Every structure is written in structure tokens, then in C-alpha cells.
Amino acid sequence: MVKTEKPKKARPAPEKIIPHVPEMDATKKRVHPRFVTGKYQNIRLISMYAILIGFLILPWLRWNDRQAILFDVIEPKFYIFGATFMPQDFYFFAFVFIIAAMLLFMVTVYAGRVWCGYACPQTIYVHLYQHVEKWIIGDRNKRMKFDKAPWTAGKIIKFIAIHSIWGVFSAITALTFIALVVGTDYLFFNGATPFFMGWGKMTWIFFLLITFVTQTNGGYMREHMCVHICPYGRFQSVMFDKDTLIVSYDYERGEPRGARKKNAPADTMGDCVDCSMCVQVCPTGIDIRDGLQVECIQCAACIDACNDIMDKVGYPRGLIRYTTERQLVEKQKTKILSPRIFAYIFVLGACIVAATLVATGRAPLEMEIRHDRKQLSTVGRDGLVENSYVLKIVNKTDERQVYKVRLEPVEGLSLRSRFEKLPLQANEPYDLPVSVFGDPAKIQPGHTPITITVYTENGEYSASADDIFIFDKKDKK
Ligand code: SF4
Ligand code: SF4
């Protein structure tokens with residue numbers, strides 16, 4: 001007698017995919033994802049490790065015999081390849097941050113949390129540290145058993161081995177960060193043997209702090225960081241719309257789910273064989289079949305795992321896939337162009353133009369005048385009235401420059417500087433005292449506007465600033 005399958009009741013498909021925020025439990029057990037291979041995981045591996053290697057080599061890049069990228073917070077000056085940024089240039093970084101934020105928003109509107117899944121440092125380090133666990137203990141089931149196992153000598157040795165390797169990665173990360181701030185020369189080639197004996201107290205504090213934070217994040221915080229702490233994960237739901245690319249389970253195709261005999265009639269069961277592989281590979285431990293959740297970092301591990309299962313059971317791939325709500329639920333074509341995207345493009349374009357203007361308009365020479373406030377005006381033995389100033393000069397080029405100073409002509413006034421020529425190294429600031437002398441027979445009492453100009457010996461650059469010359473009535477004989 002032929003036994004027929006009783007049709008299973010399909011789970012109701014959600015009316016809307018976005019957003020589904022399940023109850024989150026920060027105390028839940030550690031997630032031990034099964035490692036999976038596939039198209040998306042290959043892309044992730046290339047992207048994540050390219051970013052990691054790029055970060056590690058950053059402090060070792062050189063430009064004109066100097067560290068190419070150095071955020072010297074003591075001076076403070078930021079060197080980025082050929083450009084030098086001083087505190088007064090930091091508004092340029094405000095534009096850079098706005099551009100980065102706008103880019104991230106735009107990418108999120110189109111491609112969802114692609115940053116989280118493919119490029120976020122948290123994802124990269126968690127992936128790396130889980131690889132170490134897998135290498136020493138084994139894949140998911142062995143790691144879950146290891147967690148529950150009593151503390152035997154074998155478990156202690158593996159525990160120490162894992163934490164030591166994590167520690168090495170964490171220390172290398174801390175050294176890379178610190179080298180971008182204090183420079184590789186100070187950090188590694190300071191003359192001390194071993195090199196870390198030459199570090200100051202603050203270097204040690206930051207080294208230990210960053211190592212600890214990296215170890216805790218990659219080793220323990222893991223998905224909790226994405227779910228409970230990272231603000232980006234939280235506000236993504238307001239940025240998603242019906243046309244945002246998301247990792248989704250196809251309810252209509254998959255339900256009713258369940259194990260089935262091979263070649264079971266198609267009308268009794270959906271394509272999901274309820275193997276739970278999509279759950280086992282998920283680094284945040286969620287079931288994508290429950291709908292899009294705030295924990296989903298869109299790593300696409302569930303897509304690769306499910307495609308693998310579909311291949312094995314002989315069903316078409318794509319039961320879990322990248323799609324949009326408009327496509328999956330409303331069965332319409334995804335709309336690429338929307339007023340929101342034009343608004344993002346407009347703001348992004350404006351920021352890029354502003355940042356370019358700021359970057360290209362940076363003056364190669366900076367000069368300010370400070371009038372001596374203690375003694376605004378004095379009269380010398382020769383009867384001349386003297387006003388003293390300090391010229392704050394900064395050579396903002398990458399080359400040594402020789403400067404001269406002049407007073408723009410005013411009848412009865414002349415300028416004397418301590419130096420006839422002022423040589424300044426690349427990016428060197430200098431406070432130059434100068435005096436302006438007035439002949440009382442030729443100038444009027446009161447305030448006379450003056451302009452002082454600093455210029456390069458070869459006449460290439462100049463900078464001027466205005467102030468006043470003070471001639472007090474009582475100084476007039
Ligand atoms: S991997 Fe695919 S077939 Fe297996 S439970 Fe998940 S959705 Fe169903
Ligand atoms: S649900 Fe899928 S895409 Fe989302 S985090 Fe889990 S494995 Fe990655």
C-alpha cells in the first residue's frame with residue numbers, strides 16, 4: 001500500500017519583512033557557528049583579510065623618508081602621505097567624516113548591512129578569533145562540547161593556547177594603532193633592547209588597553225557588540241526600505257518546512273528540509289526563517305549553507321537569498337531610483353566639493369599678528385614710538401623655506417625684525433618678534449592701520465595680516 005504524505009500546514013508568511021526585532025537576551029550562551037564555504041564566504045574572506053592586511057601595513061608605508069600616515073596627537077599634526085594637517089585644518093576631517101557617513105548611509109539604503117558583513121573590524125576580528133578556536137578545538141559541535149566539558153589538563157592547555165594566539169593578534173593590533181600615533185621609529189627602533197623597554201608610561205597604558213579591548217571584543221563580546229552596543233546596527237531599520245537588499249528566506253517556497261523522503265510530492269511540502277544548517281552557520285545565532293532581525297549582519301553564511309543543502313536535495317538554489325521586500329513580498333521589480341537616493345547624492349556631492357575646495361585651498365604659509373598687550377606703545381631714546389608684535393608663522397609646505405618680512409608702506413612707519421631672513425623647516429612653526437617704529441613728526445596720534453607681509457625669499461608664497469599702530473597723545477612732545 002502506498003503511504004501518502006499528509007500535507008503540512010504552512011507557517012504564515014510575514015506581511016512585511018522589515019523590521020522584525022525579536023526579544024534579545026544578552027545572557028544567552030556563546031554562539032559557535034559552523035564554518036561554511038561558498039560564493040559569498042569567499043567574497044567575505046577576500047574583503048575582510050584585504051582590509052586587515054591593509055590596516056597592519058599602514059604604519060609601515062613611507063612617503064618622502066617619513067611615515068606616510070601618522071596622527072601625531074602630541075604636536076599635534078596629522079601626516080597623510082604628502083599632506084600635513086594642523087589643528088586649524090581639522091575642519092577638513094569634519095568633511096571627511098560627513099562624506100564617510102553619507103557613503104555608509106547610501107550603501108545601507110541600497111545594499112543593507114553590507115558594511116557589517118563584509119568590512120566591519122568587529123566582524124573581521126570575530127571571524128579571525130573563531131578560526132583560531134576552530135583550529136585548536138574543531139568545528140561547532142566540538143566547540144560546544146568544549147564549553148561544557150570539565151576543566152581537565154587537556155582543556156586547560158587548549159584554553160591557554162587559544163588565548164595566547166588571540167593575545168598575539170590583539171597585541172599586534174594594539175602596536176599597529178599606537179604606531180599610527182607615535183610612529184614606528186619610537187615604537188620599534190628606539191634604541192632599547194628589547195624595543196618595548198624604551199616606551200613611556202602612556203605608550204604602555206594604551207598598549208595594554210587596546211590589547212585588552214581587542215581580546216575581549218574578538219574573543220568574548222562577539223555578536224553582543226553588534227546587537228547591544230553598535231549604534232549602526234540599531235538605526236539601520238529606519239534606513240531600510242522596500243528596495244533595500246536584504247538576506248531573506250523565501251516563505252512561499254520554503255513552507256511548509258520539514259524533513260521529507262526523497263522525491264516527496266512537491267505540493268505537500270515546501271523546499272525547506274528543516275536541516276537547521278542556516279541556523280548553525282549564523283554567527284549571531286539567529287534563524288533567518290523568522291524574518292529579518294536586528295541581529296542579522298548580512299554575512300550571507302546562511303545563503304551559502306542553504307544553497308549547499310539545495311544542491312544536495314536537488315532543489316534550485318536561492319531559498320535564502322539576497323532580495324528586497326518589494327521583490328519577495330510584493331512581487332514587483334526593485335526600484336533603484338528614489339527621491340531619498342537623490343537627496344543622498346546631492347548632500348554627498350556637496351560635501352565632496354566642499355572637502356576638495358578646502359584641501360586644495362590650504363595656504364602653504366600661515367601668519368598671524370599678535371600685538372604686545374603688556375606695552376602697546378613706548379618711546380625710545382631716539383624719540384621714535386615703538387609698537388611690538390609677534391608674528392606667528394607656520395611653513396605648511398613639505399619643504400624648507402626661507403622667509404622675509406615687510407611692512408606695507410605707511411608714511412612715517414618702518415619695521416625692524418630680529419632676523420633679516422627666517423629659514424623654517426617643512427611644517428615648522430615660529431613666533432617671530434618684530435617692532436614697528438613711528439616718527440612722531442610724521443604720524444598722527446591715535447590708531448594707524450598697518451599690514452605686515454611674510455613672503456618666501458623666492459617670492460612664491462606670501463601671507464599678510466592687519467593690525468594697528470598705536471601712537472598715544474601723551475607720547476607726543
Ligand atoms: S538551510 Fe535551507 S533547507 Fe536547511 S533549514 Fe535553513 S532554509 Fe531550510
Ligand atoms: S541570518 Fe544569515 S546573513 Fe544574517 S547573520 Fe545569520 S547567517 Fe549571516
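**Reading a predicted model, feature by feature**

Q: Which residues form a nonpolar patch on the surface?

A: Patch residues have over 30% relative accessible area and no salt bridge, and nonpolar side chains (Val, Leu, Ile, Met, Phe, Trp, Tyr) are joined within 5 Å. Area comes from the Shrake-Rupley method with a 1.4 Å probe, only the protein chains shown counting as cover; a salt bridge is a side-chain nitrogen of Lys or Arg within 4 Å of a carboxyl oxygen of Asp or Glu. Here it's Met-202, Ile-205, Phe-206, Leu-209, Phe-212 and Val-213, with about 590 Å² together. Met-202 sits in helix α8, residues 201-221.

This is a predicted model, where local features need pLDDT of at least 70 and side-chain atom pairs pLDDT 80 or more, while totals for chains, interfaces and linings use all residues. Residues are numbered from 1 along each chain, ligands from 1 in the order written, and side-chain values use heavy atoms, without hydrogens and water.

Q: What is the strand order in the open sheet of three strands?

A: Strands are DSSP runs (E, at least two residues), and two of them pair if DSSP finds at least two bridges between them. The order is β3-β4-β5, paired antiparallel. β3 (69-72) and β5 (83-85) are at the edges with a single partner strand each, so one side of each lacks a neighbour in the sheet. Four bridges join β3 to β4; Leu-70 has Tyr-79 as its bridge partner in β4.

Q: How many residues surround ligand 2?

A: Count those with a heavy atom within 4 Å: 13, with Cys-282, Cys-296, Cys-299, Ala-300 and Cys-302 the closest.

Definitions and conventions
Patches are made of residues with over 30% relative accessible area and no salt bridge: like charges are joined within 9 Å, nonpolar side chains (Val, Leu, Ile, Met, Phe, Trp, Tyr) within 5 Å.
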